[in-house]
Amino acid sequence: MENINESILKNPIYEVRAGVLFFDGCNTVELAQKYGTPLYLMSETEIVRRIDELRKSFVEPYVGKTDCRIVYASKAFCTIAMMNICEREGISVDVVSGGELHTAKAAGFPADRIEFNGNNKTREEIESALLYGVGRFIVDGLSELKIIESVIADNPSITYHPKILFRITPGVTADTHDHLKTAKKDSKFGIPLAEEVFFPQIERAINSELVDYVGLHFHIGSQLFDVKPYLDALEIALEKVREIKERYGFVVSELNVGGGFGACYVDEDRKQFGYFLAPVVEKIIEFYDNVLGTDPPEISIEPGRSIVAEAGATLYTVGQTKDIPGGTKYISVDGGMGDNIRPSLYQAEYFSAIANKMDSPCDDTVTICGKNCESGDILIRNAQLPLASSGDILCTFSTGAYCYSMSSNYNGNLIPAVVLCSDGKDKLIVKRQTNDQLVQNQLPL
(Lines give C-alpha, C1' and ligand atoms only; values in the text may rest on other atoms or scores of the structure.)
Protein backbone atom coordinates (compact mmCIF):
# COMPACT_ATOMS: atom_id res chain seq x y z
CA MET A 1 0.00 0.00 0.00
CA GLU A 2 2.65 2.53 -1.05
CA ASN A 3 1.73 6.22 -0.98
CA ILE A 4 -1.61 5.58 0.73
CA ASN A 5 -2.71 8.78 2.46
CA GLU A 6 -2.68 7.86 6.13
CA SER A 7 -4.55 11.01 7.17
CA ILE A 8 -7.58 9.59 5.36
CA LEU A 9 -7.20 5.85 5.75
CA LYS A 10 -6.41 5.98 9.46
CA ASN A 11 -10.14 6.56 9.86
CA PRO A 12 -11.49 3.24 11.20
CA ILE A 13 -14.33 3.18 8.68
CA TYR A 14 -11.71 2.19 6.06
CA GLU A 15 -10.05 -1.19 5.84
CA VAL A 16 -8.12 -3.07 3.19
CA ARG A 17 -8.77 -6.78 2.76
CA ALA A 18 -6.96 -8.81 0.11
CA GLY A 19 -6.17 -5.66 -1.84
CA VAL A 20 -9.78 -4.38 -1.82
CA LEU A 21 -11.02 -1.24 -0.06
CA PHE A 22 -13.78 -1.72 2.50
CA PHE A 23 -15.97 1.16 3.65
CA ASP A 24 -17.66 0.79 7.04
CA GLY A 25 -17.34 -2.97 6.68
CA CYS A 26 -18.67 -3.07 3.10
CA ASN A 27 -16.71 -4.20 0.04
CA THR A 28 -16.57 -1.13 -2.23
CA VAL A 29 -16.09 -3.16 -5.41
CA GLU A 30 -19.19 -5.19 -4.61
CA LEU A 31 -21.12 -2.00 -3.82
CA ALA A 32 -20.16 -0.61 -7.24
CA GLN A 33 -21.36 -3.81 -8.90
CA LYS A 34 -24.59 -3.87 -6.90
CA TYR A 35 -25.65 -0.23 -7.25
CA GLY A 36 -23.65 1.05 -10.24
CA THR A 37 -21.42 4.10 -10.44
CA PRO A 38 -21.01 6.97 -9.80
CA LEU A 39 -22.13 6.08 -6.32
CA TYR A 40 -22.15 8.12 -3.13
CA LEU A 41 -21.37 6.19 0.05
CA MET A 42 -22.17 7.49 3.54
CA SER A 43 -21.00 5.91 6.78
CA GLU A 44 -23.65 5.91 9.47
CA THR A 45 -20.95 4.86 11.94
CA GLU A 46 -18.88 7.96 11.20
CA ILE A 47 -21.86 10.34 11.29
CA VAL A 48 -22.93 9.09 14.69
CA ARG A 49 -19.34 9.19 15.94
CA ARG A 50 -19.04 12.86 14.97
CA ILE A 51 -22.31 13.69 16.70
CA ASP A 52 -21.11 11.85 19.80
CA GLU A 53 -17.87 13.85 19.73
CA LEU A 54 -19.85 17.07 19.59
CA ARG A 55 -22.08 15.94 22.42
CA LYS A 56 -19.08 15.07 24.60
CA SER A 57 -17.21 18.30 23.91
CA PHE A 58 -20.10 20.79 23.71
CA VAL A 59 -23.16 19.53 25.57
CA GLU A 60 -22.08 17.26 28.41
CA PRO A 61 -19.33 19.47 29.94
CA TYR A 62 -21.79 22.32 30.52
CA VAL A 63 -24.75 20.47 32.00
CA GLY A 64 -25.84 22.49 35.01
CA LYS A 65 -24.02 25.58 33.71
CA THR A 66 -25.95 26.35 30.55
CA ASP A 67 -27.84 24.60 27.76
CA CYS A 68 -25.85 23.83 24.63
CA ARG A 69 -27.63 22.68 21.48
CA ILE A 70 -26.27 20.96 18.37
CA VAL A 71 -28.00 22.03 15.14
CA TYR A 72 -27.02 20.10 12.02
CA ALA A 73 -26.62 22.36 8.97
CA SER A 74 -28.54 20.20 6.54
CA LYS A 75 -27.30 22.01 3.44
CA ALA A 76 -24.15 19.86 3.71
CA PHE A 77 -26.09 16.65 3.07
CA CYS A 78 -29.87 16.77 3.07
CA THR A 79 -31.83 13.54 2.74
CA ILE A 80 -34.72 11.96 4.58
CA ALA A 81 -32.39 9.33 6.04
CA MET A 82 -30.02 12.02 7.36
CA MET A 83 -32.98 13.75 8.99
CA ASN A 84 -33.92 10.41 10.55
CA ILE A 85 -30.42 10.07 12.00
CA CYS A 86 -30.53 13.60 13.45
CA GLU A 87 -33.92 12.95 15.04
CA ARG A 88 -32.77 9.65 16.51
CA GLU A 89 -29.59 11.25 17.89
CA GLY A 90 -31.59 14.04 19.52
CA ILE A 91 -30.08 17.00 17.68
CA SER A 92 -31.79 19.84 15.82
CA VAL A 93 -31.51 20.75 12.13
CA ASP A 94 -30.96 23.96 10.22
CA VAL A 95 -32.67 24.41 6.84
CA VAL A 96 -32.14 27.20 4.33
CA SER A 97 -34.87 26.64 1.74
CA GLY A 98 -38.37 25.38 1.18
CA GLY A 99 -36.88 22.21 -0.32
CA GLU A 100 -34.77 21.42 2.72
CA LEU A 101 -37.77 22.19 4.91
CA HIS A 102 -39.88 19.81 2.81
CA THR A 103 -37.25 17.10 3.29
CA ALA A 104 -37.44 17.58 7.05
CA LYS A 105 -41.24 17.45 6.90
CA ALA A 106 -41.13 14.30 4.75
CA ALA A 107 -38.94 12.71 7.43
CA GLY A 108 -41.43 13.75 10.12
CA PHE A 109 -38.73 15.77 11.84
CA PRO A 110 -40.03 17.61 14.94
CA ALA A 111 -40.91 21.17 13.97
CA ASP A 112 -39.72 22.70 17.23
CA ARG A 113 -36.20 21.38 16.52
CA ILE A 114 -35.96 23.04 13.10
CA GLU A 115 -34.22 26.38 12.52
CA PHE A 116 -34.97 28.24 9.29
CA ASN A 117 -31.91 30.11 8.03
CA GLY A 118 -31.13 31.73 4.68
CA ASN A 119 -30.67 35.25 3.34
CA ASN A 120 -33.73 35.48 1.08
CA LYS A 121 -36.62 33.42 2.38
CA THR A 122 -39.72 33.86 0.25
CA ARG A 123 -43.12 34.57 1.75
CA GLU A 124 -44.27 31.13 0.61
CA GLU A 125 -41.35 29.44 2.37
CA ILE A 126 -41.94 31.43 5.55
CA GLU A 127 -45.63 30.55 5.52
CA SER A 128 -44.88 26.86 5.00
CA ALA A 129 -42.45 26.93 7.92
CA LEU A 130 -44.88 28.73 10.22
CA LEU A 131 -47.74 26.41 9.36
CA TYR A 132 -45.49 23.45 10.20
CA GLY A 133 -44.53 25.08 13.50
CA VAL A 134 -40.81 25.64 12.89
CA GLY A 135 -39.21 26.59 16.20
CA ARG A 136 -36.72 29.27 15.20
CA PHE A 137 -36.15 31.72 12.39
CA ILE A 138 -32.67 33.12 11.80
CA VAL A 139 -33.62 36.51 10.38
CA ASP A 140 -31.12 37.54 7.70
CA GLY A 141 -32.85 40.31 5.74
CA LEU A 142 -34.04 43.78 6.65
CA SER A 143 -37.62 43.08 5.55
CA GLU A 144 -37.84 39.49 6.77
CA LEU A 145 -39.25 40.20 10.22
CA LYS A 146 -42.10 42.21 8.65
CA ILE A 147 -42.90 39.28 6.37
CA ILE A 148 -42.93 36.83 9.28
CA GLU A 149 -45.27 39.11 11.26
CA SER A 150 -47.50 39.59 8.22
CA VAL A 151 -47.83 35.85 7.60
CA ILE A 152 -48.73 35.25 11.24
CA ALA A 153 -51.27 38.07 11.22
CA ASP A 154 -52.89 36.71 8.06
CA ASN A 155 -53.15 33.10 9.32
CA PRO A 156 -55.35 32.60 12.39
CA SER A 157 -54.25 28.95 12.47
CA ILE A 158 -50.71 30.05 13.43
CA THR A 159 -51.14 30.40 17.17
CA TYR A 160 -47.56 30.18 18.44
CA HIS A 161 -44.82 32.81 18.62
CA PRO A 162 -41.72 31.62 16.71
CA LYS A 163 -38.37 32.35 18.27
CA ILE A 164 -36.36 34.92 16.37
CA LEU A 165 -32.59 35.37 16.17
CA PHE A 166 -30.89 38.00 14.05
CA ARG A 167 -27.93 36.90 12.00
CA ILE A 168 -25.32 39.63 12.28
CA THR A 169 -22.35 40.47 10.07
CA PRO A 170 -19.45 40.93 12.50
CA GLY A 171 -16.96 41.96 9.81
CA VAL A 172 -14.49 39.21 10.66
CA THR A 173 -12.43 37.70 7.84
CA ALA A 174 -11.64 34.02 8.23
CA ASP A 175 -8.67 32.25 6.68
CA THR A 176 -10.43 30.19 4.04
CA HIS A 177 -11.37 30.32 0.35
CA ASP A 178 -13.14 33.57 -0.54
CA HIS A 179 -16.30 31.69 -1.52
CA LEU A 180 -16.44 30.22 2.00
CA LYS A 181 -16.16 33.53 3.88
CA THR A 182 -19.55 34.59 5.19
CA ALA A 183 -18.90 37.29 7.80
CA LYS A 184 -17.11 40.00 5.83
CA LYS A 185 -18.49 43.50 6.31
CA ASP A 186 -19.93 43.54 2.78
CA SER A 187 -21.19 39.94 2.88
CA LYS A 188 -24.59 39.11 1.44
CA PHE A 189 -25.33 37.39 4.75
CA GLY A 190 -26.50 38.95 7.98
CA ILE A 191 -27.82 42.22 9.37
CA PRO A 192 -25.28 45.07 9.15
CA LEU A 193 -24.17 46.37 12.54
CA ALA A 194 -24.49 50.03 11.60
CA GLU A 195 -26.43 51.65 14.43
CA GLU A 196 -29.14 53.11 12.20
CA VAL A 197 -29.79 49.66 10.67
CA PHE A 198 -29.23 47.20 13.49
CA PHE A 199 -31.03 48.67 16.50
CA PRO A 200 -34.37 49.46 14.79
CA GLN A 201 -34.56 45.77 13.85
CA ILE A 202 -33.83 44.72 17.43
CA GLU A 203 -36.34 47.16 18.90
CA ARG A 204 -39.09 46.03 16.54
CA ALA A 205 -38.49 42.38 17.42
CA ILE A 206 -38.45 43.02 21.17
CA ASN A 207 -41.73 44.93 20.97
CA SER A 208 -43.46 42.56 18.55
CA GLU A 209 -46.58 40.82 19.80
CA LEU A 210 -46.25 38.13 17.11
CA VAL A 211 -42.72 36.77 17.59
CA ASP A 212 -40.47 35.88 20.51
CA TYR A 213 -37.15 37.63 20.05
CA VAL A 214 -34.40 35.63 21.77
CA GLY A 215 -30.96 36.38 20.39
CA LEU A 216 -28.14 36.73 17.90
CA HIS A 217 -26.53 34.44 15.36
CA PHE A 218 -23.30 34.62 13.40
CA HIS A 219 -21.45 32.32 11.02
CA ILE A 220 -17.98 33.40 9.93
CA GLY A 221 -17.18 30.88 7.24
CA SER A 222 -16.43 27.28 6.45
CA GLN A 223 -13.48 24.89 6.51
CA LEU A 224 -11.78 26.74 9.39
CA PHE A 225 -8.91 25.52 11.56
CA ASP A 226 -8.28 28.51 13.84
CA VAL A 227 -10.41 29.51 16.82
CA LYS A 228 -9.33 33.16 16.78
CA PRO A 229 -11.92 34.34 14.18
CA TYR A 230 -14.67 32.75 16.31
CA LEU A 231 -13.49 34.61 19.39
CA ASP A 232 -13.15 37.86 17.43
CA ALA A 233 -16.69 37.53 16.10
CA LEU A 234 -17.97 36.56 19.54
CA GLU A 235 -16.39 39.68 21.04
CA ILE A 236 -18.42 41.82 18.62
CA ALA A 237 -21.62 39.84 19.24
CA LEU A 238 -21.26 40.13 23.02
CA GLU A 239 -20.77 43.88 22.73
CA LYS A 240 -24.12 44.04 20.93
CA VAL A 241 -25.63 41.91 23.70
CA ARG A 242 -24.38 44.48 26.21
CA GLU A 243 -25.76 47.39 24.18
CA ILE A 244 -29.14 45.69 23.78
CA LYS A 245 -29.41 45.34 27.53
CA GLU A 246 -28.38 48.95 28.10
CA ARG A 247 -30.82 50.35 25.52
CA TYR A 248 -33.86 48.16 26.11
CA GLY A 249 -33.31 46.33 29.40
CA PHE A 250 -33.51 43.12 27.38
CA VAL A 251 -31.20 40.18 28.02
CA VAL A 252 -30.37 38.08 24.96
CA SER A 253 -31.20 34.51 25.95
CA GLU A 254 -29.79 32.62 22.94
CA LEU A 255 -26.53 32.85 21.02
CA ASN A 256 -25.84 30.80 17.91
CA VAL A 257 -22.16 30.85 16.95
CA GLY A 258 -22.52 28.95 13.66
CA GLY A 259 -20.31 26.15 12.45
CA GLY A 260 -17.54 25.95 9.87
CA PHE A 261 -15.20 23.58 11.73
CA GLY A 262 -12.69 22.21 9.23
CA ALA A 263 -12.74 18.66 7.87
CA CYS A 264 -9.89 16.58 6.49
CA TYR A 265 -9.89 16.24 2.70
CA VAL A 266 -6.23 15.57 1.98
CA ASP A 267 -3.81 16.14 4.83
CA GLU A 268 -5.40 18.94 6.87
CA ASP A 269 -4.77 18.93 10.61
CA ARG A 270 -8.38 18.68 11.71
CA LYS A 271 -8.87 20.14 15.17
CA GLN A 272 -10.94 18.44 17.85
CA PHE A 273 -14.30 20.10 18.41
CA GLY A 274 -13.31 21.13 21.91
CA TYR A 275 -10.51 23.29 20.47
CA PHE A 276 -13.16 25.59 19.00
CA LEU A 277 -16.00 25.18 21.44
CA ALA A 278 -14.45 25.28 24.92
CA PRO A 279 -13.02 28.82 24.61
CA VAL A 280 -16.22 30.08 23.01
CA VAL A 281 -18.56 28.66 25.64
CA GLU A 282 -16.31 29.73 28.51
CA LYS A 283 -16.08 33.28 27.13
CA ILE A 284 -19.89 33.51 26.89
CA ILE A 285 -20.43 32.19 30.42
CA GLU A 286 -17.80 34.57 31.82
CA PHE A 287 -19.32 37.56 30.01
CA TYR A 288 -22.86 36.90 31.24
CA ASP A 289 -21.61 36.33 34.77
CA ASN A 290 -19.18 39.24 35.06
CA VAL A 291 -20.60 41.86 32.69
CA LEU A 292 -24.36 41.27 32.51
CA GLY A 293 -24.71 39.67 35.91
CA THR A 294 -27.27 37.18 34.61
CA ASP A 295 -27.51 33.48 33.82
CA PRO A 296 -25.76 32.49 30.57
CA PRO A 297 -27.80 32.06 27.38
CA GLU A 298 -28.60 28.89 25.52
CA ILE A 299 -25.70 28.36 23.09
CA SER A 300 -26.14 26.73 19.70
CA ILE A 301 -23.74 25.59 17.01
CA GLU A 302 -24.45 24.70 13.37
CA PRO A 303 -21.94 22.12 12.15
CA GLY A 304 -22.60 20.47 8.81
CA ARG A 305 -19.42 19.65 6.91
CA SER A 306 -17.60 18.52 10.06
CA ILE A 307 -20.30 15.90 10.70
CA VAL A 308 -20.65 14.42 7.22
CA ALA A 309 -17.63 15.28 5.03
CA GLU A 310 -15.34 12.48 6.17
CA ALA A 311 -18.34 10.15 6.48
CA GLY A 312 -18.66 10.09 2.68
CA ALA A 313 -16.86 8.62 -0.31
CA THR A 314 -17.67 8.41 -4.01
CA LEU A 315 -17.09 5.42 -6.26
CA TYR A 316 -16.45 5.77 -9.99
CA THR A 317 -15.64 3.38 -12.81
CA VAL A 318 -12.48 4.16 -14.76
CA GLY A 319 -13.00 4.58 -18.50
CA GLN A 320 -10.61 6.08 -21.03
CA THR A 321 -6.92 6.79 -20.37
CA LYS A 322 -5.20 9.51 -22.38
CA ASP A 323 -1.42 9.85 -22.01
CA ILE A 324 -0.28 12.99 -23.84
CA PRO A 325 3.40 12.72 -24.86
CA GLY A 326 5.34 15.28 -22.88
CA GLY A 327 2.17 16.35 -21.12
CA THR A 328 -0.58 15.17 -18.80
CA LYS A 329 -1.84 11.66 -18.34
CA TYR A 330 -5.62 11.73 -17.92
CA ILE A 331 -7.74 9.05 -16.30
CA SER A 332 -11.41 9.55 -17.13
CA VAL A 333 -14.19 8.39 -14.81
CA ASP A 334 -17.93 8.08 -15.33
CA GLY A 335 -18.77 11.11 -13.19
CA GLY A 336 -17.19 14.49 -12.61
CA MET A 337 -18.34 18.03 -11.90
CA GLY A 338 -21.98 16.97 -11.96
CA ASP A 339 -21.52 14.89 -8.82
CA ASN A 340 -18.66 16.93 -7.30
CA ILE A 341 -18.58 20.58 -8.37
CA ARG A 342 -16.25 21.65 -5.55
CA PRO A 343 -12.91 21.25 -7.39
CA SER A 344 -14.22 23.35 -10.28
CA LEU A 345 -16.03 25.86 -8.07
CA TYR A 346 -13.31 26.66 -5.56
CA GLN A 347 -10.34 24.42 -6.28
CA ALA A 348 -11.16 21.92 -3.54
CA GLU A 349 -8.63 19.10 -3.25
CA TYR A 350 -9.32 15.42 -2.71
CA PHE A 351 -7.44 12.17 -2.25
CA SER A 352 -8.31 9.02 -4.21
CA ALA A 353 -7.39 5.36 -4.52
CA ILE A 354 -8.19 2.47 -6.84
CA ALA A 355 -10.46 0.37 -4.66
CA ASN A 356 -9.59 -2.94 -6.33
CA LYS A 357 -5.81 -2.33 -6.33
CA MET A 358 -5.11 -1.22 -2.76
CA ASP A 359 -2.03 -3.46 -2.50
CA SER A 360 -0.47 -2.17 -5.73
CA PRO A 361 2.27 0.48 -5.68
CA CYS A 362 1.12 4.04 -6.42
CA ASP A 363 3.77 4.83 -9.01
CA ASP A 364 1.64 6.52 -11.68
CA THR A 365 1.01 10.29 -11.63
CA VAL A 366 -2.30 11.15 -13.31
CA THR A 367 -5.01 13.77 -13.53
CA ILE A 368 -8.47 12.39 -12.83
CA CYS A 369 -11.07 14.02 -15.06
CA GLY A 370 -14.80 13.69 -15.49
CA LYS A 371 -16.94 13.06 -18.55
CA ASN A 372 -18.52 16.52 -18.75
CA CYS A 373 -17.78 18.75 -21.73
CA GLU A 374 -15.79 21.31 -19.78
CA SER A 375 -12.02 21.71 -19.54
CA GLY A 376 -12.55 22.54 -15.88
CA ASP A 377 -14.10 19.15 -15.20
CA ILE A 378 -11.08 17.96 -13.22
CA LEU A 379 -11.54 16.06 -9.95
CA ILE A 380 -7.89 15.65 -8.88
CA ARG A 381 -4.63 16.85 -10.40
CA ASN A 382 -1.36 14.94 -9.99
CA ALA A 383 -2.93 12.00 -8.19
CA GLN A 384 -0.60 9.16 -7.23
CA LEU A 385 -2.29 5.88 -8.22
CA PRO A 386 -1.49 2.36 -9.31
CA LEU A 387 -1.55 1.84 -13.06
CA ALA A 388 -5.27 2.18 -13.85
CA SER A 389 -7.22 0.10 -16.34
CA SER A 390 -10.67 0.53 -17.80
CA GLY A 391 -13.20 -0.98 -15.41
CA ASP A 392 -11.23 -0.28 -12.24
CA ILE A 393 -13.18 1.23 -9.36
CA LEU A 394 -11.81 4.58 -8.21
CA CYS A 395 -12.75 5.93 -4.78
CA THR A 396 -12.61 9.61 -3.86
CA PHE A 397 -12.58 10.26 -0.12
CA SER A 398 -14.28 12.83 2.12
CA THR A 399 -17.12 13.58 -0.29
CA GLY A 400 -19.92 13.48 2.27
CA ALA A 401 -20.47 17.23 2.36
CA TYR A 402 -21.85 19.31 -0.51
CA CYS A 403 -21.30 16.74 -3.26
CA TYR A 404 -24.77 15.21 -3.28
CA SER A 405 -26.28 18.55 -2.21
CA MET A 406 -24.69 20.40 -5.16
CA SER A 407 -25.07 17.66 -7.76
CA SER A 408 -26.58 18.57 -11.12
CA ASN A 409 -27.81 17.19 -14.42
CA TYR A 410 -25.22 19.01 -16.50
CA ASN A 411 -24.76 17.31 -19.89
CA GLY A 412 -27.84 15.25 -19.07
CA ASN A 413 -25.97 13.13 -16.56
CA LEU A 414 -28.02 11.56 -13.80
CA ILE A 415 -27.85 12.24 -10.06
CA PRO A 416 -26.08 9.25 -8.45
CA ALA A 417 -27.59 6.96 -5.86
CA VAL A 418 -26.64 7.22 -2.19
CA VAL A 419 -25.94 4.15 -0.06
CA LEU A 420 -25.71 4.24 3.73
CA CYS A 421 -23.22 1.78 5.19
CA SER A 422 -22.92 0.56 8.76
CA ASP A 423 -20.86 -2.32 10.13
CA GLY A 424 -20.89 -4.33 6.92
CA LYS A 425 -24.50 -3.61 5.99
CA ASP A 426 -25.56 -1.40 3.09
CA LYS A 427 -28.88 0.35 2.55
CA LEU A 428 -30.02 2.42 -0.43
CA ILE A 429 -31.21 5.80 0.88
CA VAL A 430 -31.42 7.73 -2.41
CA LYS A 431 -32.30 5.97 -5.64
CA ARG A 432 -30.32 6.73 -8.77
CA GLN A 433 -32.13 9.21 -10.98
CA THR A 434 -33.50 7.72 -14.20
CA ASN A 435 -33.56 9.13 -17.72
CA ASP A 436 -37.34 9.35 -17.52
CA GLN A 437 -37.05 11.43 -14.35
CA LEU A 438 -34.56 13.66 -16.14
CA VAL A 439 -37.23 14.78 -18.60
CA GLN A 440 -40.39 14.31 -16.53
CA ASN A 441 -40.99 18.05 -16.12
CA GLN A 442 -40.20 18.95 -19.74
CA LEU A 443 -43.01 19.67 -22.19
CA PRO A 444 -43.01 19.31 -25.98
CA LEU A 445 -43.87 22.14 -28.35
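**Starting from one residue**

Author: Let's begin with Arg 50, which lies in helix α3. Helices (H or I, at least four residues) and strands (E, at least two) are DSSP runs, numbered from the N terminus. Bear in mind that this is a predicted model, where local features need pLDDT of at least 70 and side-chain atom pairs count only at pLDDT 80 or more, while totals for chains, interfaces and linings use all residues. Residues are numbered from 1 along each chain as its sequence is written, and side-chain values use heavy atoms, with hydrogens and water left out.

Reader: Is Arg 50 buried or exposed?

Author: Buried means under 20% relative accessible area, exposed over 50%, and partly exposed in between (1.4 Å probe, protein chains only). Arg 50 counts as buried because its relative accessibility is 1%.

Reader: Which residues is Arg 50 in contact with?

Author: Contact means heavy atoms within 4.5 Å. Leaving aside neighbours within four places in sequence, Arg 50 is in contact with Arg 270, Phe 273, Ser 306, Ile 307 and Glu 310.

Reader: And where does helix α3 lie?

Author: For angles, axes are lines fitted to C-alpha atoms, for helices over the stretch in contact, and the angles run from 0 to 180 degrees between N-to-C directions. Helix α3 (residues 44-59) lies across β5 and β12 (298-301), at about 150° to β5.

**The barrel**

Reader: Now the strands. In what order do the eight strands close into a barrel?

Author: Strands of a sheet pair through backbone hydrogen bonds, either parallel or antiparallel. Here, two strands pair if DSSP finds at least two bridges between them. The barrel order is β5-β6-β7-β8-β9-β10-β11-β12, with parallel pairing. From one strand to the next, the twist averages 30°.

Reader: How many bridges join β6 to strand β7?

Author: Three, and the two strands run parallel, with β7 covering residues 114-116. Across that pair, Val 95 stands opposite Phe 116. To get from β6 to β7 the chain passes through helix α5 (residues 98-106), in a right-handed β-α-β crossover. Right-handed means that, with the strands pointing away from the viewer, the path from the first strand over the helix to the second runs clockwise.

Reader: What about β5 and β6?

Author: Strand β5 (residues 68-73) also pairs with β6 in the parallel sense, over three bridges. Ala 73 has Asp 94 as its bridge partner in β6.

Reader: Which residues of strand β6 sit on each side?

Author: In a regular strand the side chains alternate between the two faces of the sheet. In β6 (residues 92-95), Ser 92 and Asp 94 are on one side, with Val 93 and Val 95 on the other, and all of them are buried.

**Cores and the whole chain**

Reader: Which residues have the most contacts inside the largest nonpolar core?

Author: A nonpolar core is a set of buried Ala, Val, Leu, Ile, Met, Phe, Trp, Tyr and Cys residues joined through side-chain atoms within 4.5 Å. The largest has 109 residues, and Tyr 72, Tyr 213 and Val 308 have the most contacts inside it. Helix α10 (residues 273-292) gives this core its largest share, nine residues.

Reader: How many helices and strands are in the chain?

Author: There are 13 helices and 20 strands. Of the chain's 445 residues, 56% count as buried. Along its principal axes, the C-alpha trace spans about 70 × 55 × 40 Å.
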